[in-house]
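Open the model in your viewer and keep the selection tool at hand. This tour goes from stop to stop.

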Amino acid sequence: MLYLAQIQKKEISDEISLQLLACQNSDETWAMVFQEAVLTLPPDCDRNVLNEGMLVLADIGENSKILLHIQTATNWVLELVQKYLTTGFTPDFLQQEAQKAEGWRQSLTLQSQELSRRFIEVEARREQIQNLEAKLQQEKELLESTIAQLKADN
């Protein structure tokens with residue numbers, strides 16, 4: 001699983017660890033890591049390129065203990081800036097778009113409910129018509145039998 005992490009160095013023990021900040025979901029979205037999550041790097045990790053406070057992308061195994069790959073997050077952050085922040089995708093813009101989408105969802109829900117109500121009304125009317133047709137058929141048969149009886153009596 002891919003994580004955005006910050007490098008932390010402990011000068012006393014010369015230990016380097018990763019403070020996990022966010023993780024990538026399977027659908028390419030990201031979620032913040034709210035609980036304290038720290039992963040200590042193995043001693044064989046290249047310590048010369050990892051500076052205190054540096055942001056990195058860390059590919060961590062399923063059990064969150066095995067570091068598979070680590071790279072600086074500079075290019076990734078610059079790509080985000082270029083892709084989203086230079087084209088007007090501000091947090092306010094995204095919030096407005098989310099509100100519009102919610103409004104559309106509510107509107108579609110109301111339309112769906114209205115269509116369902118109309119469908120039920122049409123079905124009720126169809127049933128009434130079928131009942132009337134059946135009643136008319138019975139009356140027709142009764143009239144025909146009455147006419148036949150009258151003819152037979154004459």
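By class, how many nonpolar, polar and charged residues does the lining of the second largest pocket have? Keep that in mind while you select. The model is a predicted one.

**Stop one: the second largest pocket.** Select Leu80, Val81, Tyr84, Leu85, Phe89 and Leu94, which line this pocket. Now the count: 6 nonpolar, no polar and no charged residues. Next, color helix 1. Helix 1 gives the most to this lining, with 4 residues. The volume of the second largest pocket is about 150 Å³.

**Stop two: the nonpolar patch.** Together with Leu80, Val81, Tyr84, Leu85, Phe89 and Leu94, they make a nonpolar surface patch of about 620 Å². Helix 1 supplies the largest share of the patch, 5 residues.

**Stop three: Leu85.** Zoom in on Leu85, a residue of helix 1. Is Leu85 buried or exposed? Its relative accessible area is 54%, so Leu85 counts as exposed, the cut-off being over 50%.

**Stop four: the largest pocket.** Clear the selection. Now pick Leu2, Leu4, Ala22, Gln24, Glu28, Trp30, Ala31, Met32, Trp76 and Leu80, the lining of the largest pocket. Strand 1 (2-10), strand 2 (15-24), strand 3 (30-32) and helix 1 (74-85) each give two or more residues to this lining. Which element gives the largest share? Strand 3 does, with 3 residues. By class, the lining splits into 8 nonpolar, 1 polar and 1 charged. The volume of the largest pocket is about 240 Å³.

Methods: Residues numbered from 1 in each chain as written. Predicted model: local features only at pLDDT ≥ 70, side-chain atom pairs only at ≥ 80, totals over all residues. Heavy atoms only, no water. 1 Å grid on protein atoms, 1.4 Å probe; cavity = no way out; pocket = protein on both sides within 12 Å on 5 of 7 lines; lining within 4 Å. Points joined across faces, edges and corners; volume = space filled by probe spheres on them. Nonpolar A, V, L, I, M, F, W, Y, C, P; charged D, E, K, R; others polar. Patch = residues over 30% accessible without salt bridge, like charges linked within 9 Å, V, L, I, M, F, W, Y side chains within 5 Å. Areas by Shrake-Rupley, 256 points an atom, 1.4 Å probe, with all protein chains shown as cover. Salt bridge = Lys/Arg side-chain N within 4 Å of Asp/Glu carboxyl O. Buried < 20%, exposed > 50% of the residue type's maximum accessible area, 1.4 Å probe, protein only.
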